[in-house]
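Trainee: I have a structure open on my screen, and I would like to learn how to read it. Could we go through it together?

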Amino acid sequence: SFEVEIASSGLVCRVGPEQRVIDALAAHGVEVPVSCEQGVCGTCVTPIRSGIPDHRDLFLTDAERAANDRFTPCCSRALSGRLVLDL
Ligand code: FES
């Protein structure tokens, strides 16, 4: 598991091994807009302030992936212990 932090509020949510980031956030009252929930549409793309995402979407370009400054929380995860989200 890993943690996501909301930069604006300092809220930290743990994301369990079987849990999606969007669900962990929703459990803390943070709703990220979603549509496909499969990493295809890009609706949920969320900016990242720090941490390394584990990109599992089909939406971002290779350059966008390499920048590690945004990810798709409907399906992607984290390689670092914490992702700080620019929310
Ligand atoms: Fe479509 Fe996340 S909701 S990519």
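This is a predicted model: local features need pLDDT of at least 70, side-chain atom pairs count only at pLDDT 80 or more; totals for chains, interfaces and linings use all residues.

Trainee: How confident is the predictor, and what is the mean pLDDT of the protein chain?
Mentor: For the complex, the predictor gives an ipTM of 0.99 and a pTM of 0.96. In the protein chain, 100% of the residues reach a pLDDT of 70 or more. The mean pLDDT of the protein chain is 98.

Trainee: Back to our starting residue, then. Is Val12 buried or exposed?
Mentor: Val12 is found in strand β2. Val12 has 12 of them, so Val12 counts as exposed.

Trainee: How far apart in space are Val12 and Gly81?
Mentor: In sequence, Val12 and Gly81 are 69 residues apart. In space, going from C-alpha to C-alpha, the separation of Val12 and Gly81 is 12 Å.

Trainee: In which sense do β1 and β2 pair?
Mentor: Look at the partners across the two strands: Glu3 has Arg14 in β2 as its bridge partner, and Phe2 stands opposite Val15 in β2. The pairing of β1 and β2 runs over 4 bridges, and its sense is antiparallel.

Trainee: Which residue in the hairpin of β1 and β2 takes a positive phi?
Mentor: This hairpin has 5 residues between the strands. The phi in question is near 80 degrees, and the residue that takes it is Gly10.

Trainee: What about the other neighbour? In which sense do β1 and β7 pair?
Mentor: Strands of a sheet can pair in either of two ways through backbone hydrogen bonds, parallel or antiparallel. Here, Val4 has Leu83 in β7 as its bridge partner. β1 and β7 pair over 4 bridges, and the sense is parallel.

Trainee: Which strands are at the edges of the sheet?
Mentor: The sheet is open, has 5 strands with mixed pairing, and runs in the order β2-β1-β7-β3-β5. An edge strand pairs on one side only, and that holds for β2 (12-15) and β5 (70-71).

Trainee: Which residue in β5 is the bridge partner of Thr46?
Mentor: Strand β3 covers residues 46-50, and β3 and β5 pair in the antiparallel sense over 2 bridges. Find Thr46, then look across to β5: the partner is Phe71.

Trainee: Now the inside. Which element gives the most to the largest nonpolar core?
Mentor: The largest nonpolar core has 14 residues, and Val4, Val21, Ile22 and Leu83 have the most contacts inside it. At least two residues of this core come from each of β1 (2-6), α1 (21-26) and β7 (82-85). With 3 residues, the element that gives the most to this core is α1.

Trainee: Which residues does Val21 touch?
Mentor: Val21 is one of the residues with the most contacts inside the largest nonpolar core. If we do not count residues up to four places away in sequence, Val21 touches Val4, Val15 and Pro73.

Trainee: Which loop holds Glu37, and which holds Asn68?
Mentor: Neither is a glycine, yet Glu37 has a positive phi of about 60 degrees and Asn68 has one of about 55 degrees. Glu37 counts as partly exposed because it has 14 C-beta neighbours inside 10 Å, and Asn68, with 16, also counts as partly exposed. As for their places, Glu37 is in the loop between α1 and β3, while Asn68 is in the loop between α2 (62-67) and β5.

Trainee: Let's step back. What is the radius of gyration of the protein chain?
Mentor: The chain has 2 helices and 7 strands, and along the sequence they follow the pattern β-β-α-β-β-α-β-β-β. The globule rule gives 12 Å for 87 residues, and the value for this chain is close to that, so the chain is as compact as a globular protein of that length. The radius of gyration is 11 Å.

Trainee: And what percentage of the residues in the protein chain is buried?
Mentor: The C-alpha trace spans about 30 × 25 × 25 Å along its principal axes. Among contacts between residues at least 6 apart in sequence, 50% join residues at least 24 apart. Of the 87 residues in the protein chain, the buried ones make up 25%.

Technical notes:
Residues are numbered from 1 along each chain as its sequence is written. pLDDT is the predictor's confidence in each residue, from 0 to 100. Two strands pair if DSSP finds at least two bridges between them. A nonpolar core is a set of buried Ala, Val, Leu, Ile, Met, Phe, Trp, Tyr and Cys residues joined through C-beta atoms within 7 Å. A residue is buried if 20 or more other C-beta atoms lie within 10 Å of its own, exposed if 12 or fewer, and partly exposed in between; C-beta atoms are placed from the backbone. Two residues are in contact if their C-beta atoms, placed from the backbone, lie within 7 Å. The radius of gyration is taken over C-alpha atoms; the globule rule is 2.2 Å times the number of residues to the power 0.38.
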